[in-house]
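This briefing goes through one protein chain, topic by topic. Please keep the sequence and the 3D view open while reading.

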Amino acid sequence: MTEVVGADAESCRRAGAALAAGRLVAFPTETVYGLGGDARDDAAVAAIFAAKGRPSFNPLIVHVADLAAAERLGAFSATARALAARFWPGPLTLVVPRRADAGISALVSAGLPSLAIRVPAHPVARAVLAAAACPVAAPSANPSGRVSPTTARHVRAGLDGRVDLIVDGGRCAVGVESTVLDLTGETPTILRPGGVTPEDVAAVTGGPVGRAATPHAPSAAAPLLSPGMLASHYAPATPVRLGADAADAGEALLGFGAVAGATLNLSPAGDLAEAAANLFAMLRQLDEGGYRAIAVSPIPDRGIGLAINDRLARAAAPRGD
Ligand code: TXA
Ligand code: MG
């Protein structure tokens, strides 16, 4: 049975104790809700994959309280430290070489020699991590391939009965998942765009920032750098049509800016941060509306608009599942 609790101090302590005892707990972060389990515990990590129906080759992000805890798990270069100092706590995940003595379940990184690590900023996530006192593996708290949850109700809709406890901390402020930045190669490379933009990263590193190709199916020519780059991901059940000026018959229009006739509008004022925060909840709402398709207004491809367009491209990609 899944229990939903508030985000008061006592509930956060209970959530932390449940994690430390090997249970699964969903909790809010500033990006989306995470489905947490003790990252050192093979059984807990295996339970995360099972609850999501996630393929075991798609590795998880490990959440810790601070840089000191992160450095016990991975090898941090000067660049990695500078990025952590600037953006943690916050919506940036760093992929770094995994330390031999990290003590993290091998299942977490799906056999890769690297580890994806993040220090979340949300006060509830921080309270839960402090109470758990262990590294917490936490993918987004949705069934694999579906839209990520930005409220506790979304988590329950997807995972009821498959997670022990949900901590309800209200709506997530950023609304799209963290930027995943690979620091294991020569050039820092964005594997998944998010709240921290390529310009933000370049401002710290002072050098070039790579960008892994947009959603693709794996092939010999273009292997899967980060399994989260699978083309069809973050998808509602209703087909999605991008770059639409207007809705065709039977379609909903998900608008942006000053468009006429929008069924819902991500941001009437044309604010990209507001649009990101609304994206997943509005996709879900329209998905339940019985439309033939969801047509989406063009979104400027800059700042967090890169992350919005990345998620929309996946939502619109041909379905593999
Ligand atoms: O905002 C977020 O990042 C949320 C919250 C809960 O923190 N978490 C999240 O986790 O989105 P998940 O599992 O849905 O996405 C993790 C992404 C995937 O694209 C995965 O392939 C990639 O990170 N990843 C994890 N470990 C990796 C590694 N060692 N190398 C490359 N990519 C990795
Ligand atoms: Mg996810």
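Predicted model: local features only at pLDDT ≥ 70, side-chain atom pairs only at ≥ 80, totals over all residues.

Strand E13 (residues 251-255) runs parallel to strand E14, and 2 bridges join them; strands here are DSSP runs (E, at least two residues) and helices are DSSP runs of H or I with at least four residues, numbered from the N terminus. Residues are numbered from 1 along each chain as its sequence is written, chains are lettered from A and ligands numbered from 1 in the order in which they are written, and side-chain values use heavy atoms, with hydrogens and water left out.

**The sheet that holds E13 and E14**

- Within this pairing, Leu-254 stands opposite Leu-264 in E14.
- The open sheet has 4 strands in the order E12-E15-E13-E14, and its pairing is parallel, where two strands pair if DSSP finds at least two bridges between them.
- At its edges are strand E12 (240-241) and strand E14 (264-265), each of which pairs on one side only.

**The sheet of 11 strands**

- A further open sheet is built of 11 strands, ordered E1-E8-E2-E3-E7-E4-E6-E5-E9-E10-E11, with mixed pairing.
- Because strand E1 (3-5) and strand E11 (210-211) stand at the edges with a single partner strand each, one side of each is left without a neighbour in the sheet.
- Strand E4 (residues 61-63) pairs with strand E7 (residues 136-137) in the antiparallel sense over 2 bridges, and the bridge partner of Val-62 in E7 is Ala-137.

- The chain is divided into domain 1 (3-211) and domain 2 (240-316), with bounds that come from an automatic or database domain assignment.
- The centres of the two domains, taken over C-alpha atoms, are separated by 26 Å.
- In contact across the boundary are 20 residues of domain 1 and 13 residues of domain 2, contact meaning heavy atoms within 4.5 Å.
- About 1400 Å² is buried between domain 1 and domain 2, and carbon and sulfur atoms give 57% of that area; buried area is the accessible area (1.4 Å probe) that two parts lose on being put together, summed over both.
- On the side of domain 1, Val-147, Val-176 and Pro-193 lose the most area to domain 2, together 33% of what that side buries.
- The rule finds 2 salt bridges across this interface, a salt bridge being a side-chain nitrogen of Lys or Arg within 4 Å of a carboxyl oxygen of Asp or Glu.
- A salt bridge joins the side chains of Arg-211 and Asp-310 (3.9 Å, N to O).

**Backbone details in loops**

- Most residues other than glycine have a negative phi, and most peptide bonds are trans.
- The peptide bond from Trp-88 to Pro-89 is cis, with omega near -5°, and Pro-89 is found in the loop between helix H4 (78-87) and strand E5 (92-97).
- Ala-110, although not a glycine, has a positive phi of about 50°, and Ala-110 lies in the loop between E5 and strand E6 (114-118).
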